[in-house]
Amino acid sequence: ALLPTEIALVPGFDVDHASVAAWKAPTAGIYAINATFRQLDWGQGGAAVKTTSGSVNWSAIFPNQNAPAASFLQPVAMTAGESLYLIGNWGVGHNNMYDAIGLTATVTAVPGKGLVKGKITDGVSGTPIEGATVQTPDGSVSTTSDSSGNYLLLLDQGAQTLKVSKDGYTLQQRGVTVIEGEAITENFALSVAITGIAGTIKTSS
């Protein structure tokens, strides 16, 4: 299949008012998925993007026809022949499914790069840390962790260094090896920064 590929979602009229667009990766690699869903009909709607492996499981809900469009833009590591599904439903479907019917999507191959993903947590409590900055030393590639502590970076293949920082925590730096066309996992447990010790020193006379 030639890339970039445009994927069309045609409204369907099955029992769940659903329609599905599927695309298969011709070779293993990193693919940039850019999809925009719109609610085109009355009632509630939403959107879903999924992959066979479960590496992507994204959804959005539209409360009504006037709701703004929802966009999914993310690099994804896919194996050869793995399927990407873009799902649309409208109205209140069975099993409380809420999906939309309007879709514009493109898939573009991203050669020479790989993904680094993982979770940022508190090193003592294990609680996910939201808003931690994960970046290369020069800051040219950067992202922040979400409410679950998860992050995702698209980097050039080869040796890379990641810096993780968050106010109140000690900065961490780690070397990673990025593999072209694959996703690797690097988790970080941050230590609370020690800012100083307050107290009074008494001497005996």
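This is a predicted model: local features need pLDDT of at least 70, side-chain atom pairs count only at pLDDT 80 or more; totals for chains, interfaces and linings use all residues.

Begin by selecting G29, which touches V76, A77, M78 and G181 when residues up to four places away in sequence are not counted; contact means heavy atoms within 4.5 Å. G29 lies in strand β3, residues 29-38, and counts as buried at 9% relative accessibility. Buried here means under 20% relative accessible area, exposed means over 50%, and partly exposed lies in between, with a 1.4 Å probe and protein chains only.

Residues are numbered from 1 along each chain as its sequence is written, and side-chain values use heavy atoms, with hydrogens and water left out.

Now display the whole protein as a cartoon. It has 16 strands and zero helices; both are DSSP runs numbered from the N terminus, helices being H or I of at least four residues and strands E of at least two. Of the 205 residues, 39% are buried. Among contacts between residues at least 6 apart in sequence, 64% join residues at least 24 apart.

Next, select F37, L84 and L86. Within the largest nonpolar core, which has 22 residues, these three touch the most other members. Strands β2 (18-24), β3, β4 (45-51), β5 (57-62), β6 (70-78), β7 (83-89) and β8 (102-109) each give two or more residues to this core. A second, separate core has 15 residues, including I120, I129, V134 and L155. A nonpolar core is a set of buried Ala, Val, Leu, Ile, Met, Phe, Trp, Tyr and Cys residues joined through side-chain atoms within 4.5 Å.

Turn to the aromatic rings. The structure holds four aromatic pairs. Rings of Phe, Tyr and Trp (its six-membered ring) pair if their centres lie within 6.5 Å; planes under 30 degrees apart count as stacked, over 60 as edge-to-face and the rest as tilted. Select W23 and Y31: the ring centres are 5.2 Å apart and the planes stand at 75 degrees, so this pair is edge-to-face. W23 and Y31 are both buried. Y151 and F188 form a tilted pair, 6.4 Å centre to centre with 55 degrees between the planes. This pair links distant parts of the chain, since Y151 belongs to strand β12 (residues 150-156) and F188 to strand β16 (residues 188-190), 37 residues apart. Ring pairs also link F37, W58 and F72 into a cluster.

Apart from neighbours within four places in sequence, T121 is in contact with several residues, among them I129, F188 and L190. T121 lies in strand β9, residues 113-122, and is buried at a relative accessible area of 15%.

Finally, select strands β11, β10, β13 and β14, which form an open antiparallel sheet in that order. Two strands pair if DSSP finds at least two bridges between them. β11 (142-144) and β14 (172-178) stand at the edges with a single partner strand each, so one side of each has no neighbour in the sheet. Seven bridges join β13 (residues 158-165) to β14, and T161 stands opposite G175 in β14.
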